[in-house]
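Here is a quick tour of a protein chain for someone new to structures. Have a look at the model first, then work through the notes by topic.

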Amino acid sequence: MSLKMKLSKLIITAFLLIAALFSQAQMPGAGRGMGGQNMNMGHFYGKIVDSVSGKPLDGASIQLIQNKFDSVAKKRKDVIVSGMLTTKRGEFSLENLPIMATYRLKITAIGYKTIERKVNFELNMAGAKNGDFSSMISGVDKDLGNFKMKVDAQQLENVTVTASKPLLTMGIDRKIFNVEKNLTSVGGTAIDVMKNVPSVNVDIDGNVSLRNATPQIFVDGRPSTLTLDQIPADAIASVEIITNPSAKFDASGGGAGILNIVLKKNRKAGYNGNLRASIDMRGRPGFGGDFNVKQGKVNFFAAGMLGMRKSISTVSSTRTDFLGTTNAYLTQTNKPINTGFFAFGRLGMDYFIDNRNTITIGGNIVRGQFKTNDLISIFRDTVNNNTTISDVGSRSSKNTGNFRNYGSTLSFKHNFAKANMEWTADATYNYSKNDNIGDYNTQYFYTNNNPKTPAYIERTQGGGTSQFITAQTDFSDPITAKIKIDAGLRGAWRNFTSFNDNYMQTTPGSFFLIPGLSNNYKFNDVVYAGYVTFAQQLKKFNYQLGLRLESSSYEGNLISRGQRFKTDYPFSLFPSAFATYKLTDKQDLQLNYSRKINRPNFFQLIPFIDYSDSLNLSVGNPNLVPEFTNLLELSYSNQYKGSNTFLATVYMRNTNDLITRYQYKDANPNPAKSDSVIISTYANANQSYTFGLELTGKNKVTKWWDLTTNLNLFNSTIKAGNLVGGVTSSQFSWFAKINNNFKLPKNFSIQLSGDYTAKTLVAPGGGGNRGGMGMMFGGGSQPSSQGYIKPIYGADLAIKYEFLKNNAASLTLQFSDIFRSKLYATHNESVYFVQDNQRRRDPQMLRLNFNWRFGKMDVSLFKRKNMKGEMENMQNAQQGMGN
């Protein structure tokens, strides 16, 4: 608008105002006619904030009251002439008000003391006479400033919270699993949590898969060196399941999506926390707690846990080796016992610089030790020309492993004056260190118990470190109410060192190093990324387009052998597209596409031979290359009456250079032995295809019964003809999960959950790292080009009793694998062998948990509770404005 136009508008507005004032003075009673309408141009605005923190109050009730004469009752009464609820930024704006009246402004909010103040418009008539129209006009548009509301402690004491978060919250782009409502994981680790998360499978080693592929594991939206068995379940607030992330998220993960673990961190006024204790049927205790205190501009949070563990497994393997004219039949059984502890600590604070700027700093430390004792019994028959030679063997082992993990986070968030416009920046640093030592004693005997071989006494000793740094910045700008742009930059750097030395005993207590079986390895990995997304809403249709650019480099050095490996991908583009159509207020249809990458992890790359099982040697492959995946999804969501929700998704995943488990026959790398062995490794297959249908339902069957179900039907095809002995494998499979929550009288509640997984194409034993390498590397169970996992099913039960005032304390009794049915069994075969394995871990376990909550209420929990009632009261009151 030009200066001339602005000046003209100012003069016209001033003229109308003067004319209105003149008509008011000359024509009594004209306020209800034309002259009165000209005077309804007043504008009051301001902001409501908390008196202690200075943060804006959303949903505070604003009422503008005028004392008028009631012509019917023939007396004066208070009438609400305008009102509203404050916005998310605590702001209010009241327009079209008569400028000559006197008002009373009333401000109320649940949990706060009421504020009342007289307000009116102050018009500079003297300035108008002197030609200063702008000073007069400014009095019509009046800023009332910030109103600071004080907490009403007495009112808070009478507030009762009855709302409860559901176990599962569903949307088309993600599902949110509320860990607080998952009784069967209380006192456990993140692995126990994942067992009940829809769409997620967990194998016996704790490796997770999402729709039969390995996802990224994030902690608080960022990668971490923490593994799932190092995160206490009681420290987790929720798990977000994002099956097809947009370009805003890392492209890593091979199209399997993201599992984001959100740790607990409260921002409640005052202080609050809880204490926990547990014990299992093997007498292993656990202790933990968390604490949060908020005062002024500082929010401090801390958490800690110490857990003792004893795990017992039973394992059996059978294998037939085809050695030309000779066949060897082997049976192996063992019962490993694992004992140890792990401790977890977390500390941090939020500092609210002002209403729009917040700094968060936090850190965590993990310490643990596990010892494993095992005795493997081996029975072997070798048949050649109808002649059978039988022998038996035993292999005892004792292993001790220690691990430490340190992490820190620094975050900054700035909210612009424009609603929902924000800029964030954060940096994370993680350092982990581990060491291990193992002693092995192997010997074979004839069937008459006479020694066939001398005792081979071996020792392995190893360890390593990992340093992981990430830096990220994101910017979000809602250009209009229906158009939004997001953009960001990210850098990630990792340095990894590892060594493993193998020794052979020559004389009692004297060992010599076997260089051919020892490794000293290190690598560094760098990923740089940038992204931009554009979103727009067009009536019932909205879409989002995104593009991510990543540059990655991997460099490894096998120091013990003088070998170097390097893989560079200077520029890789990862587009994404999301389109949603709103069929009705309760029904949505979405189509989305994205391109992803899955880089091989350290354990898949390192050429170190694992001898812990003499019949199943394993080694990494430094020649692996990343796999690229195209992911397409079509989803339908329907929210029925009575808190019932249904989500159906048809998905397709195509992967090129699929990283798969692969086994081959080779000479025994142990120079003390001259036989042939089967070695497991990883290789890049040509490609794979997966087509699937996932159905998720959340139903409130009755007032006391909530039911969550998840069914996934899919067909996987792996084309591995490029590998020696590899073939094209195709398998239809499905898995289902069901979770029942029953709320019973007398403060009792029961959770009954079950799952079933049909035959699938995955690797025996997994081979992942339980999530610790989720951002830059893969992990978890890998598809196998030569075998499958047999069906597995099980059920868990938990009973909870709440007591004390406001149910502040609770006891939870858990019973896992109640039917002793969780048997992890695999089948693997090639032209050289046929092998079957089965394992069972900790069946029918009982654990008792105690939890006590303490602290004060949070005002923000209640500030929107009666919003609807406040609006209705104002609307009813405004019906009398014309009286």
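This is a predicted model: local features need pLDDT of at least 70, side-chain atom pairs count only at pLDDT 80 or more; totals for chains, interfaces and linings use all residues.

Let's start with a term: a residue is buried if its relative accessible area is under 20%, exposed if over 50%, and partly exposed in between, using a 1.4 Å probe and protein chains only. Residues are numbered from 1 along each chain as its sequence is written, and side-chain values use heavy atoms, with hydrogens and water left out.

**Salt bridges**

- A salt bridge here is a side-chain nitrogen of Lys or Arg within 4 Å of a carboxyl oxygen of Asp or Glu, and the count comes to 21.
- Arginine 282 and aspartate 842 make one of them, with their closest N and O atoms 2.8 Å apart.
- That pair links distant parts of the chain, 560 residues apart: arginine 282 is in the loop between strand 15 (270–280) and strand 16 (285–295), and aspartate 842 is in the loop between strand 43 (833–841) and strand 44 (845–855).
- Strands are DSSP runs (E, at least two residues), numbered from the N terminus.
- Arginine 282 is partly exposed at 26% relative accessibility, while aspartate 842 counts as buried at 18%.
- Arginine 564 has a salt bridge to glutamate 555 (4.0 Å, N to O), and glutamate 555 is partly exposed at 30%.
- One network of salt bridges with shared partners joins Asp250, Arg490, Arg548 and Glu550.
- Within it, glutamate 550 meets arginine 548 at 2.9 Å, N to O, and both of these residues are buried.

**Asparagine 557**

- Which strand holds asparagine 557? It lies in strand 27 (residues 541–558), and it is buried at 12% relative accessibility.
- Leaving aside residues up to four places away in sequence, asparagine 557 touches Asn520, Tyr521, Lys522, Gln563 and Arg564, where contact means heavy atoms within 4.5 Å.

**Nonpolar cores**

- A nonpolar core is a set of buried Ala, Val, Leu, Ile, Met, Phe, Trp, Tyr and Cys residues joined through side-chain atoms within 4.5 Å.
- The largest one has 25 residues, and Phe44, Ile48, Leu64, Phe92, Leu94, Tyr103 and Leu105 touch the most other members.
- Strands that each supply at least two residues of this core include strand 1 (40–50), strand 4 (91–98) and strand 7 (141–149).
- Another core lies apart from it, with 21 residues, among them Val197, Ile217, Ala233 and Ile241.

**Aromatic rings**

- Rings of Phe, Tyr and Trp (its six-membered ring) pair if their centres lie within 6.5 Å; planes under 30 degrees apart count as stacked, over 60 as edge-to-face and the rest as tilted.
- The structure holds 23 such pairs.
- Phenylalanine 412 and tryptophan 423 sit edge-to-face, at 5.5 Å centre to centre and 65° between the planes.
- Since phenylalanine 412 is in strand 21 (residues 387–415) and tryptophan 423 in strand 22 (residues 422–446), this pair ties together parts that are 11 residues apart in sequence.
- Phenylalanine 574 and phenylalanine 628 are stacked, because their ring centres are 6.3 Å apart and their planes are at 10°.
- Ring pairs also link Phe44, Tyr103 and Phe121 into a cluster.

Terms used: Helices (H or I, at least four residues) and strands (E, at least two) are DSSP runs, numbered from the N terminus.
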